Amino acid sequence: MATEQSVDLVDDDTVGWFTKAVLLAALTAALAQLSIPIGPVVFSLQPFGMFFAGLLLGPLWGGVALLLYLLVGIAGAPVFSNGAAGIGYVIAGKTGGFLVGFLVGAVVAGAIAHRSLAPKPVANLSVLIQVVALTAAVAVVYAIGIPWMAVVTGLPFARAAATMAPFIPFDLLKLGIAIAIVQGGYLAGR
């Protein structure tokens, strides 16, 4: 008599991390809808998704979360700021570089905070290392986003950088709020 035997194609840990990545991608999409157009760019809460992905999921799964967010938007779901979507919005849009920067920023933040592919419990991350990780993530976003915006809009690089300079204090404020939320255990389920 043959017996049935189940085979797990993916282990429970992988399913758990993927689920968290999907939830953070959805959170990023929701936060992107809270945005205000200011000049040539949009002030939005999207960076919180990058911050949380890097701190809570580490470089691998944090990157997966933001990759999912980008792919869903590129596929046409209105998940970018102000309900925007599509590959053209990313490739030829003036803020496309910032969207790509969020993906790279999540990976960088996770790599600095966790110093391995496997995420550590958030309680084991010092506030200082979280500040360094998220500051590096913000720097990466601007390092990718500003040249991208300059190329797409035809602005000189210095003018594009000057256009984005007023947003830096707001991003640093978001960084502090994100760390306070993570330290408070509001997203980690401590």
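Which residues lie nearest the centre of the largest cavity? The legends below begin with that view. The model is predicted, so local features need pLDDT of at least 70, side-chain atom pairs count only at pLDDT 80 or more, and totals for chains, interfaces and linings use all residues. Residues are numbered from 1 along each chain as its sequence is written, and side-chain values use heavy atoms, with hydrogens and water left out.

**View 1. The largest cavity and the residues at its centre.** Val-42, Ser-44, Phe-98, Phe-102 and Met-164 lie nearest the centre, within a lining of 22 residues. A cavity is a set of points, on a 1 Å grid over the protein atoms alone, where a 1.4 Å probe fits but cannot get out; lining residues have an atom within 4 Å of a point.

**View 2. The elements that line the largest cavity.** At least two lining residues each come from strand S2 (41-44) and from helices H2 (46-74), H4 (96-114), H5 (127-153) and H7 (168-183). Helices (H or I, at least four residues) and strands (E, at least two) are DSSP runs, numbered from the N terminus. S2 gives the largest share of the lining, 4 residues.

View 3. Phe-48 and Phe-51 form an edge-to-face pair, 6.4 Å centre to centre with 85° between the planes. Rings of Phe, Tyr and Trp (its six-membered ring) pair if their centres lie within 6.5 Å; planes under 30 degrees apart count as stacked, over 60 as edge-to-face and the rest as tilted. Because Phe-48 and Phe-51 are 3 residues apart in helix H2, about one helical turn separates them. Phe-48 is buried at 7% relative accessible area, and Phe-51 is buried at 1%; buried means under 20%, exposed over 50% and partly exposed in between (1.4 Å probe, protein chains only).

**View 4. Phe-98 and Tyr-142 across two helices.** The ring centres of Phe-98 and Tyr-142 are 6.0 Å apart and their planes stand at 85°, so this pair is edge-to-face. Phe-98 lies in helix H4 and Tyr-142 in helix H5, so the pair ties together parts 44 residues apart in sequence. Both residues are buried.

Technical notes. 1 Å grid on protein atoms, 1.4 Å probe; cavity = no way out; pocket = protein on both sides within 12 Å on 5 of 7 lines; lining within 4 Å.
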